[in-house]
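Student: Could we go through this structure together? I would like to begin with the overall picture and then turn to details.

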Amino acid sequence: MNGNSRASYKPGKITRFFLHIYHAFAFVMRFFREAFIPPFHFKEFIRQCYNMGYRSLPLISVTGFITGLVFTKQSRPSLADFGATSWLPSLVSIAIVRALAPLVTALICAGKVGSNIGAELGSMKVTEQIDAMEVSAINPYKYLVVTRVLATTLMLPLLMFYTAFVGMMGSFLDVHAHEQTSFISFFESAFSSINFLDYWASIAKALVYGFTISMVGSYKGFYATNGTTGVGHAANSAVVTSMFLIFIEEIIIVQISNFLRGG
Amino acid sequence: MHIPDNISKEEEVIVIKDLYKSFGENHVLRGITLNLFRRENVVVLGRSGTGKSVLIKIIAGLLKADAGEVWVLGKDVEKLTGKELRQLRLKLGFSFQSSALYDSMTVRENLEFPLVQNVKHLKRSEINKTVEEVIEAVGLSQTINQMPAELSGGQRKRIGVARTLILRPEIMLYDEPTAGLDPITSIDINNLINEVQQRYHTSSIIITHDLTCAKTTGDRVAMLLDGTFVRQGSFDEVFASDDERIKSFYDYNFIQQ
């Protein structure tokens, strides 16, 4: 035997690119194969829900509140020119529910959760902890990736609603300070402009963004190489790639929801 | 080739035939052939970067060979399905060079983890008993509630070994067990390897470049140079060689110590 029967060859740049796409696609497809077959790591899933969801609340609270407040302050002068400041609650609610809440939540989570997953799994990879799991007859994909992806995908819609709520509270504070609008009339006006499709489109966005963030973070971490440099690269690349994909997905989902609205 | 009398030559637990592995242009293993008998300790000696760790990663199914066969406990590793490979791994213990303890878990949780994940419906008292037994076997009961970051290098190695013992493996694979340790701690680890073999009746492949470790723990030594085993036998047989590469390896270790 000459040893070349399965020896690796060096593919060209284009081949490498398509191999990389295929590899990433296979990694994502593996999730759908593994997620629904026992054993289920329920305790780890709950721990990740706590990490991804609850621990993101302080950051989400501040950014959501400021987003609502600043958006209201920036929109007031334009509406005031037309004597239409009474439309502020409607404008803000549409902007927040349809676009800002899912996007702001996703970008914050890409930075916080995505980098966390990339760095954690990356460091586990380079210190052979993932290999240790594998040789202990534990499926590391199931234990590490499936739990994190499920947790982030389920937590992101909840965080998105929370962001929308604190954003609306920020907006209410500004509207109340300027127009003395009551809490009830502000929210009545705000909710009257949002329909069922708006909620569902935002939930769909949040689910897709959550899946993207956690899947990209897991993929980058799971295949980290080159020691500590590789861990930093995995974390950084997880954030950059997931943010890029989030904007692509945003365009696609907006087009679909506009089509469903008949617009 | 010398095989000690206390080793049964009939039962081979690992058989490696004509194994090749390359990483790009780097041909690491070039036709390796090796067998491991039940209750035998085989030491694979060689310089850093000669593919020693690659060899045991192929045995454990962590890497795929380019060519050749690896049979572990009668099963062809390359042809096993994911489920079959996991079943086989329950009988393999792998002690990593870096110990590979889970940073986010305490020592107790590290030890429990393979047990809880692989053996269902265990009572808490049974888990505790097994954990206490293996941690006592490596002599580190006092560290049970510590985090891995709080342990010394030698302690981490011992806990790494204890974690593999929790599933009662038939075969132990040690990757550079004494690397980065001071001579006294290295002797402790060498003694631990022998104790594990006697207490748990394991067969082991020990990857090292440390001659003291090889001499203390190995029933048989296989010298890996330039991707092939240039010599196999007892420690003395291997180093009673005129091969300059083997001589210089011996001299280098001797001077280092």
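Predicted model: local features only at pLDDT ≥ 70, side-chain atom pairs only at ≥ 80, totals over all residues.

Student: What box do the C-alpha atoms of chain B fill, and what percentage of its residues count as buried?

Tutor: Along the principal axes, the box is roughly 55 × 45 × 40 Å. Of the 257 residues of chain B, 45% count as buried. As for contacts between residues at least 6 apart in sequence, 67% of those in chain B join residues at least 24 apart.

Student: How many residues of chain B are in contact with chain A?

Tutor: The contact involves 23 residues of chain B and 17 residues of chain A. On the chain B side, at least two residues each come from strands E1 (12-23), E2 (26-37), E4 (67-72) and E6 (92-95), and from helices H2 (82-89) and H3 (107-118). That side of chain B consists of 11 nonpolar, 7 polar and 5 charged residues.

Student: You mentioned H3(B). Which of its residues are buried?

Tutor: Val107(B), Asn110(B), Leu111(B), Glu112(B) and Pro114(B) are buried in H3(B). Helix H4 (124-137) and helix H5 (153-165) of chain B are included in what covers them.

Student: What joins E9(B) to E10(B)?

Tutor: Strand E9 (residues 220-225) and strand E10 (residues 228-233) of chain B run antiparallel and are joined by 5 bridges. Met223(B) stands opposite Arg231(B) in E10(B). E9(B) and E10(B) form a hairpin with 2 residues between them, and Asp226(B) in the turn has a positive phi of about 50 degrees.

Student: Then where is His201(B), and what is its phi?

Tutor: His201(B) is in the loop between helix H6 (183-200) and strand E8 (203-208) of chain B. Its phi is near 55 degrees, a positive value in a residue other than glycine. His201(B) counts as exposed because 11 C-beta neighbours lie inside 10 Å, and the cut-off for exposed is 12 or fewer.

Student: And Gln180(A), buried or exposed?

Tutor: Gln180(A) is exposed, with 7 other C-beta atoms within 10 Å. Its place is the loop between H6 and helix H7 (183-192) of chain A, and its phi is near 50 degrees, also a positive value in a residue other than glycine.

Student: What is the peptide bond from Pro38(A) to Pro39(A) like?

Tutor: That bond is cis, with omega near 5 degrees. Pro39(A) lies in the loop between helix H1 (13-34) and helix H2 (42-52) of chain A.

Student: Changing topic to helix packing: at what angle do H6(A) and H8(A) cross?

Tutor: Helix H6 (residues 140-179) and helix H8 (residues 196-222) of chain A cross at roughly 150 degrees, and their axes come within 8 Å. The crossing is right-handed. Residues making the contact include Val149(A), Leu156(A) and Met160(A) of H6(A), and Ala206(A), Gly210(A) and Ile213(A) of H8(A). By class, the contact residues divide into 14 nonpolar, 6 polar and 1 charged.

Student: Finally, which helix holds Cys109(A), and what is Cys109(A) in contact with?

Tutor: Cys109(A) is in helix H4 (residues 88-126) of chain A. Beyond its neighbours within four places in sequence, Cys109(A) is in contact with Ser56(A), Gly114(A), Leu156(A), Leu159(A) and Ile213(A). Cys109(A) is buried, with 30 other C-beta atoms within 10 Å. Its C-alpha atom is separated by 10 Å from that of Met160(A), 51 residues apart along the chain.

Definitions and conventions. Residues numbered from 1 in each chain as written. Chains lettered and ligands numbered in written order. Contact = placed C-beta atoms within 7 Å. Helix = DSSP H or I, 4+ residues; strand = E, 2+ residues; numbered from the N terminus. Nonpolar A, V, L, I, M, F, W, Y, C, P; charged D, E, K, R; others polar. Buried ≥ 20, exposed ≤ 12 C-beta atoms within 10 Å, placed from the backbone. Axes fitted to C-alpha atoms, helices over the stretch in contact; angles between N-to-C directions. Left-handed = near helix turned anticlockwise from the far one by under 90°. Pairing = 2+ DSSP bridges.
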